[in-house]
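Student: Please take a close look at the salt bridges in this model, and at the parts of the fold around them. I would like one connected account, with the cut-offs stated.

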Amino acid sequence: MKTKTQQRPTRIVRHTLMAAMIAATLNACGDSKDATADNLAVASNSARNSGNNGNGNVAGNGANRTEGQFNRIAVFTVCEQEANGCNSDNATSAEIVAASADGMTLIYTNSPDKSIGFVDIADPAVPRGLGKLAMGGEPTSVAVRDGWALVGVNTSADYVNTSGALVVVDIATRTEVARIDLGGQPDSVAVSPNGQFAAIAIENERDEDLGDGKRRRRRPAICRSLACRASRTPGPRPGST
């Protein structure tokens with residue numbers, strides 16, 4: 001016997017499904033003098049979000065949609081969040097995307113801008129920018145736990161002196177509420193199913209341009225102290241005089 005929840009999916013579930021189908025597609029924003037920007041493409045499962053016309057196809061927005069396929073219904077250009085819009089020379093990106101628990105807000109990492117951005121998808125066909133928040137470093141991943149976004153931020157000075165933090169952001173107010181030092185460069189963040197733990201992968205990536213990306217061979221250790229040299233001085237062989 002199906003429960004009421006199984007019989008009648010909530011609006012939140014449908015919005016969450018839409019949010020889960022976000023694809024980051026690279027497009028140029030403006031003419032050649034403008035920076036390259038990423039777009040957020042919002043896609044929906046046509047079987048759940050459009051009306052079936054009775055012949056196996058799903059009609060919506062004037063296009064013929066096949067049941068069971070995901071269809072892009074809107075695009076949000078990330079450079080619209082810049083102060084000068086898409087006329088800015090600032091590089092932008094929508095790399096990692098997560099949805100809020102209620103499925104109404106998207107949070108994306110903007111690595112070149114060292115920020116995260118927020119998009120309102122209460123009406124998925126008309127996404128609306130809510131602004132961005134500086135991270136003080138390169139955001140590499142984002143995950144959501146209830147009303148908070150957990151953002152991995154790389155603050156490394158270089159490939160040798162690595163550092164990073166897990167930044168906790170209040171999604172409703174779009175403000176930073178906590179920062180936890182990780183002692184290394186975070187690459188990915190995931191939250192446990194019960195919401196009690198967050199797992200962070202520490203990458204500490206190497207410089208791929210150094211030595212054409214080849215791993216450096218370690219030189220043999222050199223004894224500099226007298227004690228070290230004495231320990232390595234060969235003694236008399238057994239049976240020798």
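Tutor: A salt bridge here is a side-chain nitrogen of Lys or Arg within 4 Å of a carboxyl oxygen of Asp or Glu. The model is predicted: local features need pLDDT of at least 70, side-chain atom pairs count only at pLDDT 80 or more, and totals for chains, interfaces and linings use all residues. Residues are numbered from 1 along each chain as its sequence is written, and side-chain values use heavy atoms, with hydrogens and water left out.

By the rule for salt bridges, the count comes to 5. Side chains of opposite charge can pair when their charged atoms come close. Three of the residues involved, Glu 82, Asp 113 and Lys 132, are linked in a network. Within it, Glu 82 pairs with Lys 132, and their closest N and O atoms are 2.9 Å apart. Glu 82 sits in the loop between strand E6 (70-77) and strand E7 (97-99), while Lys 132 belongs to strand E10 (residues 128-134), so the bridge ties together parts that are 50 residues apart in sequence. Helices (H or I, at least four residues) and strands (E, at least two) are DSSP runs, numbered from the N terminus.

Arg 128 and Asp 120 meet through their side chains at 2.8 Å, N to O. Arg 128 is partly exposed, with a relative accessible area of 47%, whereas Asp 120 counts as buried at 17% relative accessibility. The side chains of Arg 179 and Glu 176 form a salt bridge at 3.0 Å, N to O. Here Arg 179 is partly exposed at a relative accessible area of 39%, and Glu 176 also counts as partly exposed, at 35% relative accessibility.

Leaving out residues up to four places away in sequence, Ile 116 touches (heavy atoms within 4.5 Å) Ile 107, Tyr 108, Thr 109, Asn 110, Gly 131, Lys 132, Leu 133, Met 135, Pro 139, Val 151 and Val 169. Ile 116 is also one of the residues that touch the most other members of the largest nonpolar core, the others being Ile 107, Met 135, Ala 149, Val 151 and Val 169; this core has 13 residues. Strand E9 (115-120), strand E12 (148-154) and strand E13 (164-170) each supply at least two residues of the core. E12 gives the most, with 3 residues. Apart from this core lies another, of 8 residues, including Ala 94, Leu 106, Val 119 and Ile 121. A nonpolar core is a set of buried Ala, Val, Leu, Ile, Met, Phe, Trp, Tyr and Cys residues joined through side-chain atoms within 4.5 Å.

Asn 110, one of the contacts of Ile 116, lies in strand E8 (residues 105-110). Asn 110 counts as buried because its relative accessibility is 2%. With residues up to four places away in sequence not counted, Asn 110 touches Val 78, Ala 91, Thr 92, Ser 93, Ser 115, Ile 116 and Pro 139.

The loop between E8 and E9 holds Lys 114. Phi of Lys 114 is near 55 degrees, a positive value in a residue other than glycine. Most residues other than glycine have a negative phi. Lys 114 counts as partly exposed at 47% relative accessibility. Arg 174 likewise has a positive phi near 55 degrees; Arg 174 is in the loop between E13 and strand E14 (175-181) and is partly exposed, with a relative accessible area of 30%.

As for the whole chain, the protein has 4 helices and 16 strands. Of its 241 residues, 34% count as buried. Among contacts between residues at least 6 apart in sequence, 40% join residues at least 24 apart.

Terms used. Buried means under 20% relative accessible area, exposed over 50%, partly exposed in between (1.4 Å probe, protein chains only).
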